[in-house]
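Please consult the sequence and the structure while reading.

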Amino acid sequence: MLMVRKPIPKALQFSLGIASILLLVGGYTVFSHGRAVRQKEVAAQQLDNVRNLLSELLATPANELDPASLAKRQSKINDYEAQITRFEQESQTAFDRTVPTWSSLYHDGLLRVLSPQGLKKDQYWLAEDAWATFIRLISGLGVGVALSLIIGILMGAYASIESFFLPPLSFLAKIPPTAMMAIFFILVGTSFQMYVTMIAFGVLPTLAQSIYQSAKKDVPENLIFKAYTLGASSLELIWNVIYKQILPRLIDAVRLQIGPAMVMLVAAEWMVSSAGFGYRLRLFYQRTDMTVIFVYVLILGLAGLVADYLLTLLRRKLCPWFGD
Amino acid sequence: MSSTRPNCVLHCQGVSHWFGSNRVLNNINLEITAGQIVAVVGPSGCGKSTLLRAILGTHPPKAGQILANGHPVTRPNRDVGIVYQNYSLFDFLSARDNVAFGLMLDQTTLPERLFGYFQWRKLRSQHRQQALDLLEKVQLTKAANLYPHEMSGGMRQRVAIAQALIMEPKILLLDEPFGALDEATREELQLMLLRLYEENLQAKAAGQTPPYTILIVTHELNEALYVSDRVIGLSQYHQGGANGATIVYDKQAPVFKAGDARDFEQFEAQKDELRKAVFTPSATRHHSEFVTFWNEHDKAFAS
C-alpha cells in the first residue's frame, strides 16, 4: 500500500490538480455532445419517417377525390413539408437546453445574460441580479458580523454575559436557517430589510459562538493578567488585546459563513424575489432552460473563490503575525 | 503586625489561603525592600504559585493582606510586574511593540488615542524609541521587528522581561522564568539578572533608590542561590504543617557578579541546609529555626 502522507513532487501535485479540472470539463463536453448527437439522430430518424409518409401520400392517386378530401390532402402535405424543414434543420443543429453544449452555453447563456434583454432591450440580467444579490449579502453579513463581534467578544470577556447568551445561541445555531424563512417572510415582509435580517440572524449564532470560543481560547488568562500589569483598562483589554488577538480567526470565521449566507439568500430569492441570482435561476428552471442556469452557477462558484481569496489576502495584510 | 518599614515595596501580612478543606498557605509574613532579588523555593505543591498569584492580585488571599508600594493589592496593576514561564507575549505585536505596549496602555487611554491621533503619534515614536533602548540593554536590537513566533524561547523571555521592566514596576515577579529554556540560554539570562543587581548596587552607592526589586520563583536550588541575594523557602514541612505551607527558610544568599566564575561549590553547604529545612518531609521543626528576623538586624544587606 502507498505510504500515508508520503510527499509527492510539485509537478505531480500541479498536474493532478489540472487533471481533475480537465476531467470535469471533458466529462461535461462528452456528455453534452453525446446528447446533441443522439438528438440529431432522433431528428434524422423522424425526418426519414415524415419523408416516407409524404412520398406514400404523394404516391396515392388524387384524381377521383372530392374537393373536401383534396383540401385535406393538401393541408397534410403542407404539414409534412413543414415538419421536414424543421427536422432537416434540427438534424443539422440539435437544440438541447437541458444539457447545453459549450457553444450553446456561450451563445444562449453567457451572451444572453450580458447583452440587453426584454421588449425595450433595457435589461442587463447579470448586472442587475449580481448587484441585487451582492448588496443584500454585504448588508446582511455586515450587520451579522458586527452583532456577532460585539456579542462574541463580550461573552469571551465577561462570565455573566457568557452565561446569559450561551443557551439561546447554542439553540439557535442548531436550527437550519432555511427552516426559519417562513417566519422572516411573515414577520419582516419580503423587502430588502428581510434579506438583511435573515442573513444577519442566520450567521449570528454560529459566528458569535466561534468568536466567543476564540476570545476565550486564543487569549490565555496569563495574557490578560499581563495586560493589566501593563496598565490596561478593561476597555483597552477588549480592544487592544482580545480583538487584536482574535482578528485573524474572525476573518476566517466570516469567510466560512459566506457559504451558508449565500444558501439562505439564494433560497429566499428563489421564493419571493423579483431580482437576484435566485430569482433568475427559478425563472429558467421553470423553462427547463439550463443555459443561463449553468452560467449563473459557474459565476457563483467563481465569485465564491474570489471572495475567499480576498479575505485570505485581507487576513495576511492585517495580521502578518498569524502566518498562513 | 509590624508597621511597614521605609523602602518596603512588598509587605505580606498574615497571608493565608485555602481551597475548601485543603489548606495551602498558612500565615505568611514577608517584607521585601527595594533592590532585593529574592528567590522563592519549595517542594512542588507547596503553594509557590498561590503566593505569587496572591501578590499579583489575580487571586487575592482568603486571609491577610498584601501591600505593594503601600497600597493593598486587590487586582493586577502596574505596580507589580509579571514574567511567566510560557513567555505570554502578545502574538500580534513585534518585539519592539510588545515592549512599548505597556507605555501606551499606562500613559494613554483609548479615547485619547482615537481623538488625539496626532499627539498620540508623536508620543508613540517616543515610546518605540524607549522600547528600542531597552531591547538594546537585553541584547535584542536585531530582533526588534520580529514577531514572537519568529523568535526562540530565550529571545521571547528577554522580550518579556524588557516588557515588564519598561513599566518600572515596584516589584517584578518571575514565575519559573527560565524553566523552559536550554542550559546555555538559561545561564545567559541568569547573568542578565546579575547585571540588573549590579545596577542596584551602583544606585545604592550613589544614594538613590535601587531600581529593580525582583521576586523569582524557581525549582532550581543552584539558580536560586546564584541569582538572588536572599532565599526564601516555602514549605508545608514544619510544625503545624497541616494548616498549610509557610516560610521555613529565609536567609541571605551569596552575591555573584556577572563576571565571576559560576562557582557553585561555595554554596554547597547552604544548599544542603535548604534541602534539609525546606524539602525534607521529616523536618518538622519549628518554622522559625532557619528564618532570619530582619527587624532584629541593624540593617538589611540589600537596602
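The sections below describe a helix pair in chain A and strand pairing in chain B of this predicted model.

## Helix packing in chain A

Helix α9 of chain A spans residues 234-272, and helix α10 of chain A spans residues 277-286. Their axes lie 7 Å apart and form an angle of about 55°. The two helices, α9(A) and α10(A), are therefore oblique to each other, and their crossing is right-handed.

On the α9(A) side, the contact involves A:L265, A:V266, A:A267, A:A268, A:E269 and A:W270. The residues that they meet in α10(A) are A:F277, A:G278, A:Y279, A:L281 and A:R282. Sorted by class, this contact between α9(A) and α10(A) comprises 8 nonpolar residues, 1 polar residue and 2 charged residues.

## Strand pairing in chain B

In chain B, strand β1 (residues 8-19) runs antiparallel to strand β4 (residues 63-68), and 5 bridges join them. Within β4(B), B:A63 is the bridge partner of B:S16.

Strand β4(B) is also joined to strand β5 of chain B (residues 71-72) by 2 bridges, again in an antiparallel arrangement. Here B:A68 stands opposite B:H71 of β5(B).

## The β4-β5 hairpin

Strands β4(B) and β5(B) form a hairpin, with 2 residues between the strands. In the turn, B:N69 has a positive phi of about 55°.

Note on methods: Residues are numbered from 1 along each chain as its sequence is written. Chains are lettered from A and ligands numbered from 1 in the order in which they are written. This is a predicted model: local features need pLDDT of at least 70, side-chain atom pairs count only at pLDDT 80 or more; totals for chains, interfaces and linings use all residues. Axes are lines fitted to C-alpha atoms, for helices over the stretch in contact, and angles run from 0 to 180 degrees between N-to-C directions. Helices (H or I, at least four residues) and strands (E, at least two) are DSSP runs, numbered from the N terminus. Angles under 35 degrees count as roughly parallel, over 145 as roughly antiparallel, 65 to 115 as roughly perpendicular and the rest as oblique. A crossing is left-handed if the near helix is turned anticlockwise from the far one by less than a right angle, and right-handed if clockwise. Two residues are in contact if their C-beta atoms, placed from the backbone, lie within 7 Å. Ala, Val, Leu, Ile, Met, Phe, Trp, Tyr, Cys and Pro count as nonpolar, Asp, Glu, Lys and Arg as charged, and the others, Gly among them, as polar. Two strands pair if DSSP finds at least two bridges between them.
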